[in-house]
Amino acid sequence: MLKTTVAGIELEHPIFNAAGPLDATLEELTVLGESHAAAITMKSCTLEAREGNPEPRYQDIPHGSLNSMGLPNLGYKKYIAFAPLLKKYNKPIIASVSGLSLEDNLTIIQALNDAPVDLIEFNLSCPNVIGKPQMGYDPEQTDDVLGKIMHITKKPLGVKLPPYFDFVHFEQIAAILNRNNVRFVTCINAIGNALVIDPEKEQVIIRPKNGFGGLGGAYVKPTALANVRKFSELLNPTIDIVGVGGISSGTDVFEFILAGATAVQIGTTFMKEKHGCFERIEREFNELMAKKGYETIEDVKGNLKTL
Ligand code: RRO
């Protein structure tokens, strides 16, 4: 097993679930606890429970997924209640926070101070709540909100970022994350507001937002790798990077670690393959590391060569 750490929290190996798929109920979280995932990430939560957007709101597509779930979750109090029940699995528990206002986020993060969760992933990048822009695309608001949140949290807190595409935007956001001393960044969330068309039916494939939704899976892997790489160049070296986006094999994990990640999350592949994916991907990753003669994550992390 190749141990790693995220914000000082130890993981038995670098592979666990992304916030979102199959992690909203105690039953689903129990499956994750019993699985080979190195940590348990819980569904992004809001102050109150939410039904989410109308169905169909998730579709598998040839090389990934399109979703517009709309933050269906049981409300933060339930996830705080679940955390002690998940402790017996002896792996880190990660709360994902996606409140709909600054006040809601402060309330949830304050409450998590006294909960047995190990890490907080603050979601700056939900693309699917109608009328709510992705905060990560607004640098001023991100700076303001992070300042307030970092001030009250007692847990190692990181941010889940949307994908960026322009070097100037990377620099703006990295300066804000460095200044606010976030402990880790997770990149990327789905590429927001993609459109997939069924040509037979001459129709969109999901109902919310007239078919626009977050793109995940293999389609987004190069964008995810670029985000991990760019942030690893720009962030203080004390800020860990968790890679997510299109990982379905041990080779994919290796590439994200080469780009600068210390750990990775699995989203679309977990939805498709269910909990067995963690054991398979870890085995493939271990085999590749052994074949290449690497013994630790540190031997590989960030060592991407350029031409
Ligand atoms: O629930 C969702 O629609 C959702 C969220 Br909160 C998110 O952060 N990313 C995503 O693709 N879907």
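A cavity is a set of points, on a 1 Å grid over the protein atoms alone, where a 1.4 Å probe fits but cannot get out; a pocket is an open set with protein on both sides within 12 Å along at least five of seven lines, and lining residues have an atom within 4 Å of a point. The structure shown is a predicted model, in which local features need pLDDT of at least 70 and side-chain atom pairs count only at pLDDT 80 or more, while totals for chains, interfaces and linings use all residues. Residues are numbered from 1 along each chain as its sequence is written, and side-chain values use heavy atoms, with hydrogens and water left out.

**Figure 1. The largest cavity.** A search of the whole structure finds one cavity of 30 Å³ or more. The largest cavity has a volume of about 40 Å³, where grid points are joined across faces, edges and corners and a volume is the space filled by probe spheres set on the points. Its lining consists of Met42, Cys45, Tyr76, Tyr79, Ile80, Ala95, Ser96, Ile108 and Leu112. At least two lining residues come from each of α2 (76-86), β7 and α3; helices (H or I, at least four residues) and strands (E, at least two) are DSSP runs, numbered from the N terminus. The largest share, three residues, belongs to α2. By class, the lining of this cavity has eight nonpolar, one polar and no charged residues. Here Ala, Val, Leu, Ile, Met, Phe, Trp, Tyr, Cys and Pro count as nonpolar, Asp, Glu, Lys and Arg as charged, and the others, Gly among them, as polar.

**Figure 2. The largest pocket.** The largest pocket holds about 770 Å³ of space. It is lined by 46 residues, and those closest to its centre are Ala19, Gly20, Pro21, Lys43 and Asn67. Two or more lining residues are given by each of β6 (64-67), β8 (119-123), β14 (212-217), β16 (263-266) and α8 (268-273). The largest share, four residues, comes from β14. The lining divides into 20 nonpolar, 20 polar and six charged residues.

**Figure 3. The second largest pocket.** This pocket has a volume of about 290 Å³. Among its 19 lining residues, Gly99, Leu100, Lys132, Pro133 and Met135 lie nearest the centre. The elements α3 (102-112), β8 and α4 (139-152) each give two or more residues to the lining. Ten of the lining residues are nonpolar, eight are polar and one is charged.

Figure 4. Strands β10 (184-187) and β15 (240-244) are joined by four bridges, and Phe184 stands opposite Asp240 in β15.

Figure 5. Three bridges link β11 and β14 in the antiparallel sense, and Leu195 has Phe212 in β14 as its bridge partner.

Terms used
Two strands pair if DSSP finds at least two bridges between them.
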